[in-house]
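Colleague: This structure is new to me. Could you take me through it, one question at a time?

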Amino acid sequence: MPKSKPEDIQAQPSSSRHPGIDHVLTSASLKSLAHPLRVRIYDELSAYGPLTASGLADRLSESSGATSYHLRQLERAGLVREDTTRGKGRERWWERVPGSIAIPDARSLPPGSAERLAVKLVEDEWFRSREQNFREFVAEGEQVFGPEWLDIATSDTINLRLTPEQLGSLVADLDVVFKKYIDAHKRTPSPGSRPVQIHLNAFPLVRGEPTDETIPKEHR
């Protein structure tokens, strides 16, 4: 049986939130990613660069057989590929396929559908991974990094009152800044650079109330 051709993720349309930047996964690719270990493997390759199945197994406390199997599934989905510039003999190195991905908007999917459940699983794993990475930095950062890193690493909370249009404008401005650094450093890292993860959450607070239009601006 001929080997199926991996899906071309970058040929997929962008999400409406980040036009021209990310690529929305198809139903098939989404279902292929929707496994806790596959999400962890994909995140590990995204954050740290190419790794072997054995290297991933050590980092994720899994067997190399398990990571090898799930790498092949991710390869078929077009999410990872072999890095042929590395390795000797039968040793295979894997990297994530370049390009930013997005998952479909759950609101566009039927409640209880396999696609909607897949979106939920991937989102939950991404949130878990982000929280774990930050907690590791808080708990262990002082033993790993010098002041040149510790003095500039930041975790800020900013509270504003914005309309949907104002929040959209803020996110669009941030996208411009992020893309500038992605274009400059994603594929050509500087000597001495380390993997850095940036988290941005921008959302309305569920328990908040709209600003009363009768209140003068100077008293808001």
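Colleague: Which residues in helix 2 are buried?
Modeller: Buried means under 20% relative accessible area, exposed means over 50%, and partly exposed lies in between (1.4 Å probe, protein chains only). Helices (H or I, at least four residues) and strands (E, at least two) are DSSP runs, numbered from the N terminus. In helix 2, the buried residues are Leu-37, Arg-38, Val-39, Ile-41, Tyr-42, Asp-43, Glu-44 and Leu-45.

Colleague: What kind of model is this, and what pLDDT do local features need?
Modeller: Residues are numbered from 1 along each chain as its sequence is written, and side-chain values use heavy atoms, leaving out hydrogens and water. The model is predicted: totals for chains, interfaces and linings use all residues, side-chain atom pairs count only at pLDDT 80 or more, and local features need pLDDT of at least 70.

Colleague: How far does helix 2 reach from its first C-alpha to its last?
Modeller: The expected span is 1.5 Å times one less than the number of residues. Helix 2 has 13 residues, and its reach is close to the expected value, at 18 Å.

Colleague: At what angle do the axes of helix 2 and helix 3 cross?
Modeller: Axes are lines fitted to C-alpha atoms, for helices over the stretch in contact, with angles from 0 to 180 degrees between N-to-C directions. Under 35 degrees counts as roughly parallel, over 145 as roughly antiparallel, 65 to 115 as roughly perpendicular and the rest as oblique. Helix 2 and helix 3 are therefore roughly perpendicular. The axes of helix 2 (residues 36-48) and helix 3 (residues 53-60) come within 11 Å and cross at roughly 105 degrees.

Colleague: Which residues in helix 3 meet helix 2?
Modeller: Contact means heavy atoms within 4.5 Å. From helix 2 come Leu-37, Arg-40, Ile-41, Glu-44, Leu-45 and Tyr-48, and they meet, in helix 3, Leu-56, Arg-59 and Leu-60.

**Other sites**

Colleague: Is Ser-61 buried or exposed?
Modeller: Ser-61 lies in the loop between helix 3 and helix 4 (64-76). Its phi is near 55 degrees, a positive value in a residue other than glycine. With a relative accessible area of 67%, Ser-61 is exposed.

Colleague: How far apart in space are Asp-151 and Pro-195, C-alpha to C-alpha?
Modeller: Asp-151 sits in the loop between helix 6 (147-150) and helix 7 (164-185). In sequence, Asp-151 and Pro-195 are 44 residues apart; in space, C-alpha to C-alpha, the distance is 17 Å.

**The sheet**

Colleague: In what order do the three strands form the open sheet?
Modeller: Two strands pair if DSSP finds at least two bridges between them. Strand 2 and strand 4 run antiparallel and share two bridges. Strand 3 and strand 4 (residues 93-96) are also antiparallel, over three bridges. The order is 2-4-3.

Colleague: What is the bridge partner of Arg-81 in strand 4?
Modeller: Strand 3 (80-82) is an edge strand, pairing on one side only. Its neighbour Glu-82 has Trp-94 as bridge partner. For Arg-81, the partner in strand 4 is Glu-95.
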